[in-house]
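Subject: Structure handover

Hello,

Here is the structure for you to look through. My notes on it follow below.

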Amino acid sequence: MPHPLLFEINTRCWLRNLAQTSGRSVTLADVPDSEFLCWQRLGFTHVWLMGAWTGGPRARAQALANQDLRRAYAEALPDWTEQDVAASPYAVAAYQVPQALGGNDGLVRFRRRLQSFGLKLLLDFVPNHLGLDHPWVKERPELFVQSLKPQPETFAEDTPSGRKHLAHGKDPNWAAWSDTVQLDYRSAATRQAMIDLLRDIAGWCDGVRCDMAMLLLNEVFERTWKGFPVQGSPPATEFWTEAISTIRRSYPEFLFLAEVYWGLEPRLQALGFNYTYDKTLYDLLVSRAPGGVQRHVLGLGQDALEAGAHFLENHDEPHIAS
């Protein structure tokens, strides 16, 4: 099987640019044929619609309140206004396509048209956390990491079962993402809820790019959240083993791509991921180190080379053209 060639699209910006170019509203339901023909001519096999899911007002308010982000906005777009700012694509309020982008029906039409050009669709799965606006925050607070009292990087939430102190989503090496709430993968109920959600997503696409996939590994999760109480018995198996096998029972050819760092790529490949990020290659390319690129690529075993997502761009990295 040839190695896939994946094209990442910032869905919101791309559709807005298409609308400006064509002088009419454009959604996923009516993308011009020229876009599909271009991807086909360039040899792409998969299109990743990054940021196609619904955000919410609480997450957007956090994006506007963050001074570091405001400085980044000004660097990227000196004449930006608050109307330009949406909620982060990784603070998902609902795994539904907003009507402004064409809604779920528009996504179905877009996928069918991709298929007619011989292309496949990838969507985001953000397993570590949900956005502040997701209904589970109030309806199912037991699914999240929480404490009995306020702690740093938590927030108070009034729910039908009382006030909860829920943790924001976190990578252990950085400050928490204040527009998110952390799912608790030590809970069997959380794991099942996320597998059910992933099963729904799988019906919309041909594969998923899994954000920060290594954060769910049992040893990583335990180290990150050891200061918070465990709800139930700690799991004996890895989440990804169960999740990937469950999806593949219904969709045998479904593609799993992991965003992963810290040298944990082989671990996630062993758990069932088709491809894992090769961030080392990207960093060597950006640092203009051709000798390092050669040594890295030649030093990879055949299996690691074939399972690597050797990327030139990612939405939270500098553009390769820079």
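Burial first: a residue is called buried under 20% relative accessible area, exposed over 50%, and partly exposed in between, with a 1.4 Å probe and protein chains only. This is a predicted model, in which local features need pLDDT of at least 70, side-chain atom pairs count only at pLDDT 80 or more, and totals for chains, interfaces and linings use all residues. Residues are numbered from 1 along each chain as its sequence is written, and side-chain values use heavy atoms, with hydrogens and water left out.

Helix α5

Helices (H or I, at least four residues) and strands (E, at least two) are DSSP runs, numbered from the N terminus. Helix α5 covers residues 103-116. Its buried residues are Gly103, Asn104, Gly106, Leu107, Phe110, Arg111, Arg113 and Leu114. They pack against α1 (11-22), α2 (33-41), β2 (46-50) and β3 (120-125), where contact means heavy atoms within 4.5 Å.

The expected span of a helix is 1.5 Å times one less than its number of residues. For the 14 residues of α5 that gives 20 Å, which agrees with the 20 Å between its end C-alpha atoms. After α5 comes Gly118, with a positive phi near 80°.

The two sheets

Two strands count as paired if DSSP finds at least two bridges between them. Trp48 stands opposite Leu122 of β3.

Another open sheet has three strands in the order β5-β7-β6, with antiparallel pairing. Here the edge strands are β5 (146-147) and β6, and each pairs on one side only. Strands β6 (residues 154-159) and β7 (residues 162-167) share six antiparallel bridges. They form a hairpin, with two residues between them. Phe155 has Leu166 in β7 as its bridge partner.

When you look at either sheet, keep one general point in mind: in a regular strand the side chains alternate between the two faces of the sheet.

Salt bridges

Side chains of opposite charge can pair when their charged atoms come close. A salt bridge here is a side-chain nitrogen of Lys or Arg within 4 Å of a carboxyl oxygen of Asp or Glu. How many salt bridges does the structure hold? The count is 17.

One of them joins Glu82 to Arg70, with the closest N and O atoms 3.4 Å apart. Glu82 lies in the loop between α4 (67-76) and α5, and Arg70 in helix α4, so the pair ties together parts that are 12 residues apart in sequence. Glu82 counts as partly exposed because its relative accessibility is 37%. Arg70, at 23%, also counts as partly exposed.

Asp158 and Arg163 form a salt bridge too, at 2.9 Å from N to O. Asp158 is partly exposed at 45% relative accessibility, whereas Arg163 is exposed at 55%.

Are the partners in the salt bridge between Asp184 and Arg186 buried or exposed? Asp184 and Arg186 are both buried, and their closest N and O atoms are 2.9 Å apart.

Regards
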